[in-house]
Amino acid sequence: MKYIPNIAGALLGLLFIASAAAVLFKLVAMPPLPEGTPAALFMGAFEPTGYLNFVKVCELLGGIMVAIPCSRNFGLLILGPIIINILAFHTFINKGATLLDPTVIVVSLLALYLLWCGRRQFAGLANCSRVQSIDKSQL
């Protein structure tokens, strides 16, 4: 039972590493999107500006960090906004048509599971009551 988070982290990490490597190292040609569609317009702004490369570098770093157990939570902090944007793209740009794509479901479930496993470590980010006030004599 204690190995399941490591397996989930390795799978999520490998998904993001493979996705990033395919684009960064030009291993797979991007299929052309239908002209004039919202997805084509969105990606038309993404690629020439270099923003896609920035996102893929973040995916690569986050994927490596999630695959390594001791840096998993930091990797989830990097991948969290990317996963939210993936879900937003499939919801708003593709009008929910590809939201039930198996890859989207697997990535979402693995990330939620790993967040659940690390919930105690992430709780410190939201707990403001532990912040101590600075004594003026210490200044």
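Reader: Which residues form the one aromatic cluster here?

Author: Phe42, Phe46, Tyr51, Phe54 and Phe89 make up one aromatic cluster, where rings of Phe, Tyr and Trp (its six-membered ring) pair if their centres lie within 6.5 Å, and planes under 30 degrees apart count as stacked, over 60 as edge-to-face and the rest as tilted. This is a predicted model, in which local features need pLDDT of at least 70 and side-chain atom pairs count only at pLDDT 80 or more, while totals for chains, interfaces and linings use all residues. Residues are numbered from 1 along each chain as its sequence is written, and side-chain values use heavy atoms, with hydrogens and water left out.

Reader: How many aromatic pairs turn up in the whole structure?

Author: Searching the whole structure gives four aromatic pairs. In one of these, Phe42 and Phe89 have ring centres 5.4 Å apart and planes at 50°, so the pair is tilted.

Reader: And where do Phe42 and Phe89 lie?

Author: Phe42 belongs to helix 2 (residues 38–49) and Phe89 to helix 4, so their pair ties together parts that are 47 residues apart in sequence; helices here are DSSP runs (H or I, at least four residues), numbered from the N terminus. Phe42 is partly exposed, its relative accessible area being 32%, given that buried means under 20%, exposed over 50% and partly exposed in between (1.4 Å probe, protein chains only).

Reader: What about the rings of Tyr51 and Phe54?

Author: Their centres are 6.1 Å apart and their planes stand at 40°, so the pair of Tyr51 and Phe54 is tilted. Tyr51 and Phe54 are three residues apart in helix 3 (residues 51–67), and are therefore separated by about one helical turn. Tyr51 is partly exposed, with a relative accessible area of 43%.

Reader: Switching to packing, at what angle do helix 2 and helix 3 pack?

Author: Helix 2 and helix 3 pack at about 80°, their axes 4 Å apart, with axes being lines fitted to C-alpha atoms, for helices over the stretch in contact, and angles running from 0 to 180 degrees between N-to-C directions. The two helices are therefore roughly perpendicular, since angles under 35 degrees count as roughly parallel, over 145 as roughly antiparallel, 65 to 115 as roughly perpendicular and the rest as oblique.

Reader: Which residues meet there?

Author: From helix 2, Met43, Phe46, Glu47 and Thr49 meet Tyr51, Leu52 and Val55 of helix 3, contact meaning heavy atoms within 4.5 Å.
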